Amino acid sequence: VDLESDLNDHFLINMAARFENYNDYGNNLASKLAMRYKISSAFSVRGSVSSGFHAPALQQIYLTSTGSSWKNIGGINVPVKTGIFRNNSDVAQVFGVKRLRPEKAINMSGGFTSTLLPHINVTVDAYWIEIKNRIVLSGMFDKGNPYVNSIIKNRPDIDQVQFVTNAINTKTRGIDIVMNGNWKFKKSSLQLTMAVNFTRTDLFGLIQSTDKLPGDSLNTNTLFNREEREKIEHGQPASKIIVSGNYNSGKMGILIRSTRFGKTSVVFSSDDQSRDEFFSEKILTDVSINYTPKKWLTITAGANNIFDVYPDLVKNSINKNQGILIYSVQATPFGYNGGNYFMSMAFNL
């Protein structure tokens, strides 16, 4: 059910509710309240508060896979077999992994939109999101731990196991800022855009654990260890800035776009902090030129990452797996293939 109304020339209000019934998880009622107030034709403020509900998906409940990974033993990475067992499997029950529950969220946001000048407009929105019982992949249960080995001794083909579980609660807060400018003169046009995002996600509350393993330093937060926590909190950039310009004149056009990715970090070992890796901010620039000789044909040539920027190299030799992994595959917000160049044709029939 969704109800929206302009109470007067300045004030708009929106109310919505959604009722769902799951045969596995029962009933849920989610709701939303949003408002916008137009102070003037050039300035409006807005805000919303809503609740969210996400029942576990089939692929989360039944995720099962077996593959190879690497384990560092005495400074040497050796191959091991890793198994992800479905949440409702016998192995998960033996480990004391609880049955998946729905995620529940609260979302609050507020901001404004403004036309600063006839050709420039700005929007600013801040948000705060709290998710409880977040569904994530657990840390590794390793057979090198004697308690783990005693539990899965009947699975000699598996060295490490993982599960999908409601291990954590998270709070995300951030702000989005977007500025657009448009100018036209004779047969030419110029569009400038700047988009800025600052985001931070933190864990809060208790991290789910299992009573099948003793609560000592060897088993602390195995369901969500330091490696997994770093992925959530610092595996993605806390800031991202995009600046672009698009100029068109007659049959020709040019687009230049630069993207700045903030710092990231990754943890390779829950026990050895000396293996932690930190990666600096990077700027990638894309350029393309298009030509439209006919109304039905556009030819474009360009380059993505024209300056051939690469992520920082992994510094600790142990983390490189004998030189195989020179870049991190976990905390890199862009690829490590460098620049690429292209030419394309588009037909409008």
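Residues are numbered from 1 along each chain as its sequence is written, and side-chain values use heavy atoms, with hydrogens and water left out. Because the model is predicted, local features need pLDDT of at least 70 and side-chain atom pairs count only at pLDDT 80 or more, while totals for chains, interfaces and linings use all residues.

Helices (H or I, at least four residues) and strands (E, at least two) are DSSP runs, numbered from the N terminus, and two strands pair if DSSP finds at least two bridges between them. Strands β5 (residues 65-73) and β6 (residues 76-85) are antiparallel partners, with nine bridges between them. Within this pairing, W70 faces P79 of β6. Strand β6 also runs parallel to β10, to which four bridges join it. Here I84 has Q162 of β10 as its bridge partner.

The interior comes next. A nonpolar core is a set of buried Ala, Val, Leu, Ile, Met, Phe, Trp, Tyr and Cys residues joined through side-chain atoms within 4.5 Å; buried means under 20% relative accessible area, exposed over 50%, and partly exposed in between (1.4 Å probe, protein chains only). The largest such core has 13 residues, and F95, F141, V161 and F163 are the members that touch the most others. At least two residues of this core come from each of α2 (90-94) and β10 (160-185). Apart from it lies another core, made of seven residues that include Y25, A55, I61 and I135. Contact here means heavy atoms within 4.5 Å. With residues up to four places away in sequence not counted, V161 touches G83, F85, F95, G139, M140, F141 and I152.

Helix α4 (residues 226-234) has E228, E230 and E233 as its buried residues. These buried residues pack against β8 (120-137), β10, β11 and β14 (264-266). One of them, E228, is also a contact of S138, a residue in the loop between β8 and β9. The relative accessible area of S138 is 0%, which means that S138 is buried. Besides E228, S138 is in contact with Q162, F163, T165, T222 and L223, leaving aside neighbours within four places in sequence.

On a 1 Å grid over the protein atoms alone, a cavity is a set of points where a 1.4 Å probe fits but cannot get out, whereas a pocket is an open set with protein on both sides within 12 Å along at least five of seven lines; lining residues have an atom within 4 Å of a point. Grid points are joined across faces, edges and corners, and a volume is the space filled by probe spheres set on the points. The largest pocket holds about 1,400 Å³ of space. Its lining comprises 48 residues, with M140, Q160, E227, F268 and S269 nearest the centre. Two or more lining residues come from each of β5, β6, β9 (141-142), β10 and α4, and β5 gives the most, with six residues. As for cavities, the whole structure has one of 30 Å³ or more. About 90 Å³ of space lies in the largest cavity. It is lined by 13 residues, of which T264, F279, S280, A331 and P333 are the closest to its centre.

Residue S188 belongs to strand β11 (residues 188-204) and, at 12% relative accessibility, counts as buried. The side chains of S188 and S249 are joined by a polar contact of 2.9 Å; such a contact is a pair of N or O atoms within 3.5 Å, where within protein one must be able to donate a hydrogen and the other to accept it, and residues adjacent in sequence count only if both atoms are side-chain atoms. Leaving aside neighbours within four places in sequence, S188 is in contact with W183, Y247, N248 and S249.

Most residues other than glycine have a negative phi. N305, however, has a positive phi near 55°, and D308 also has a positive phi near 55°. N305 sits in the loop between β17 (297-304) and β18 (340-347), and D308 is found in the loop between β17 and β18. N305 is buried, with a relative accessible area of 5%, while D308, at 36% relative accessibility, counts as partly exposed.
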